Amino acid sequence: MKKLFHILFAGVAGLLMTACSDDVTNTSAGDGTPVVIAPTVTITNITSSSVSVSASVSGGGIFRKGICYATHSMPTINDHDAMATGNDFTLSLTGLAPATTYYARAYAMTEAQTLYSANEISFTTKARSGLDELDEWKAPTYADDYRSISGWNYRDQWNLANVHDPTVFLAEDGYYYMYQTDASYGNASMGAGKGHFHGRRSKNLIDWEYLGAPSCMMETPAWVLEQANAYRAELGLPAITDPQYLYWAPCARKVRDGLYRMYYAIGLDNFIKTGKSSRDAANFDGSWTERAFIGMMETADPASGQWEDKGMVICSASDRGTNWNRSKIDGDYGSAYFRYNAIDPTFIITPEGEHWLAYGSWHSGFAIVQLNPETGKTLQPLGKPWAANAAELEANGYGKRINTRVASGTWARWQGSEGPEIVYHDGYYYLFMAYDGLDIPYNTRVVRSTRVDGPYSGIDGANVTNGANAFPIVTHPYKFYGDYGWVGISHCAVWDDGNGNWYYCSQQRFPGNYPGNASNAVMLGGVRRIVWDDNGWPLVMPERYAAVPQAEITADDIIGVWEHIDLGYSQGNQKSSSDMTFDADGSIKSGIWKGGKWSFDPQTNTLTANGVKLKVSRECDWEASPRRHTLVYAGINGIKTYWGKKR
């Protein structure tokens with residue numbers, strides 16, 4: 001047998017490698033017919049998962065030929081092989097691991113023996129790039145209109161259907177857990193044996209497993225009615241014997257490994273004076289409805305669904321003593337009895353290890369109190385939840401006000417703000433909140449402070465603790481071209497994954513004109529990415545999160561038609577998109593910024609258009625059919641927020 005030709009190649013991306021010789025590899029097939037493995041092998045098209053290999057093998061008696069390959073030297077057909085036909089062939093080796101060195105040899109099989117080139121070629125696949133991942137990405141397929149599976153018996157198919165007032169945290173087991181208010185389309189999740197504050201979980205924030213009962217609380221804690229009646233006895237009021245409970249907006253957090261806490265709200269829908277149910281207008285007794293309570297539960301493992309109730313943390317409190325009178329059941333909001341309504345808790349641990357609880361809804365704004373880290377209860381023992389004035393109420397331990405939408409006047413006691421959520425990021429505490437009614441107008445605002453207990457200011461510098469309007473807006477009812485869009489987008493959860501990635505989740509509702517007579521009560525969970533702008537303000541991306549790979553974006557990607565939305569406040573109205581065209585010459589050819597200029601910084605993914613800085617990311621186009629990936633932007637100019645999506 002003649003000496004086999006020696007050949008060794010080290011492949012790199014995009015390099016064409018060829019070895020040539022006047023010699024050929026000759027060997028006998030056993031019948032005297034030579035088998036020739038030519039000394040020229042070509043490597044092309046190296047990617048993160050594939051490579052093309054060209055070779056030439058000829059001769060008599062060959063019944064199988066091709067390339068064998070492995071991640072170790074001197075591979076054989078017992079490793080991996082790709083079979084060829086014809087004497088001169090090109091094979092594509094696929095399914096390779098990224099950034100990995102492979103070894104390959106040409107081979108020929110005869111009845112007598114298997115012949116290999118004596119030495120191998122080697123090549124290294126590329127590292128995986130965002131563009132490779134983008135090509136392989138698949139859009140979520142679940143339907144937004146879940147009415148056909150809205151019933152309780154279909155709950156294993158709900159995914160993000162029937163989400164209301166969500167709270168989200170990442171647990172030790174790698175799951176994100178979401179808990180919520182009991183509300184659902186058609187009240188499907190309410191009723192005997194179904195429990196309260198149901199949970200669901202996900203590994204990827206896209207596919208959610210509904211946990212249902214008993215993921216959390218199965219029975220109303222006895223202490224709620226006992227404490228309410230104890231306060232009533234102290235006030236000389238009759239005991240409530242027919243409690244009408246309301247279950248609202250929990251906040252769940254990981255405290256440390258092996259300890260999770262959930263703060264929840266339970267209200268009593270009974271009149272103060274007589275204790276009768278306020279669900280029957282005939283019972284109206286000239287008083288406001290009873291107080292709400294915030295309690296706390298703990299678990300070592302949220303997957304177990306076993307939460308141990310720890311009792312009361314705080315309750316609704318009044319600065320009007322015993323003046324709970326109301327002139328009519330459907331009005332007189334200016335005389336609202338409670339200064340702070342004990343629902344919508346949000347819990348935060350500061351970088352210094354302090355624990356704080358903020359709460360409040362509609363009644364006069366939000367309060368914040370410091371907690372004992374060991375017990376999860378208020379650091380200061382609570383006094384009576386009724387006082388002669390605000391200062392006395394704060395002295396009794398019910399907290400200091402950190403936000404009010406209306407500082408004085410008729411509507412100071414009853415104002416459209418609720419659902420506080422506080423997170424810490426890069427030196428600031430950010431207070432997210434819901435504005436307006438939850439059915440259609442719901443929109444989300446954010447303000448910030450260097451102190452967790454305020455004062456908080458908007459992006460315009462206005463002091464919201466003292467009653468200024470909160471800006472910027474981060475979500476608002478909207479619709480892109482050719483779609484019905486979404487309304488009621490607020491009461492959010494905000495969190496990070498520990499790796500610098502931030503997310504926003506809230507309910508979002510169908511508008512009233514959705515086809516098929518869809519109710520505005522169709523509520524879907526909307527998870528969105530948060531990108532922080534150059535001034536440290538959070539931008540919620542306009543399209544929902546779908547794990548679209550964040551492949552490199554270039555200026556060429558910006559060129560084309562975009563749908564632009566001005567999120568300037570318009571109560572109860574959906575903001576519609578309009579077209580805007582970015583031309584290759586850096587000009588804006590059409591749209592509201594027509595005549596302006598644009599430029600793009602790929603290092604920060606910042607599009608500057610008409611002087612406005614917009615952060616660009618890759619997200620799912622949920623309005624497209626079929627769904628696909630696209631580019632979106634969000635940015636703030638002054639107090640105004642802008643959203644956009646590329647067509």
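Q: Which residues have the most contacts inside the largest nonpolar core?
A: In this predicted model, the largest nonpolar core has 57 residues. Strand S18 (residues 259–268) gives the largest share of this core, eight residues. A second, separate core of 39 residues includes Tyr146, Val522, Met541 and Val632. Inside the largest core, the residues with the most contacts are Phe293 and Ile294.

Q: Which element gives the largest share of the lining of the largest pocket?
A: The largest pocket has a volume of about 720 Å³ and is lined by 32 residues, with Leu246, Thr289, Asn341, His363 and Trp414 nearest its centre. The elements that give two or more residues to this lining are S17 and S18. By class, the lining divides into 15 nonpolar, 10 polar and seven charged residues. The largest share, three residues, comes from S17.

Q: How many nonpolar residues are in the lining of the second largest pocket?
A: The second largest pocket holds about 530 Å³ of space. Of the 19 residues that line this pocket, Arg253, Lys254, Val494, Trp495 and Asp496 are the closest to its centre. The elements giving two or more residues to this lining are strand S13 (167–170), S17, strand S21 (346–349), S25 and S30. By class, the lining has two polar and four charged residues, and the nonpolar count is 13.

Q: What volume does the second largest cavity have?
A: There are three cavities of 30 Å³ or more. The second largest cavity is lined by 13 residues, and Pro166, Pro250, Pro345, Glu421 and His491 lie nearest its centre. Strand S17 (245–256), strand S25 (417–425) and strand S30 (487–496) are the elements that give two or more residues to this lining. The volume of the second largest cavity is about 80 Å³.

Q: Is Asp585 buried or exposed?
A: Asp585 sits in the loop between strand S36 (578–582) and strand S37 (588–590). Its relative accessible area is 51%. Exposed means over 50%, so with 51% Asp585 counts as exposed.

Q: Where does Asp332 lie?
A: Most residues other than glycine have a negative phi. Phi of Asp332 is near 60 degrees, a positive value. At 26% relative accessibility, Asp332 counts as partly exposed. Asp332 lies in the loop between strand S20 (308–315) and S21.

Q: What is the relative accessibility of Ala547?
A: Phi of Ala547 is also positive, near 55 degrees. Ala547 lies in the loop between strand S33 (538–540) and helix H4 (555–558). Ala547 counts as partly exposed, at a relative accessibility of 32%.

Q: What is omega for the peptide bond from Ser625 to Pro626?
A: Most peptide bonds are trans. The bond from Gly454 to Pro455 is cis, with omega near 5 degrees, and Pro455 lies in the loop between strand S27 (443–449) and strand S28 (473–475). Pro626 is in the loop between strand S40 (612–621) and strand S41 (628–637). The bond from Ser625 to Pro626 is cis, with omega near 0 degrees.

Notes
Residues numbered from 1 in each chain as written. Predicted model: local features only at pLDDT ≥ 70, side-chain atom pairs only at ≥ 80, totals over all residues. Heavy atoms only, no water. 1 Å grid on protein atoms, 1.4 Å probe; cavity = no way out; pocket = protein on both sides within 12 Å on 5 of 7 lines; lining within 4 Å. Points joined across faces, edges and corners; volume = space filled by probe spheres on them. Helix = DSSP H or I, 4+ residues; strand = E, 2+ residues; numbered from the N terminus. Core = buried A, V, L, I, M, F, W, Y, C linked by side-chain atoms within 4.5 Å. Buried < 20%, exposed > 50% of the residue type's maximum accessible area, 1.4 Å probe, protein only. Nonpolar A, V, L, I, M, F, W, Y, C, P; charged D, E, K, R; others polar.
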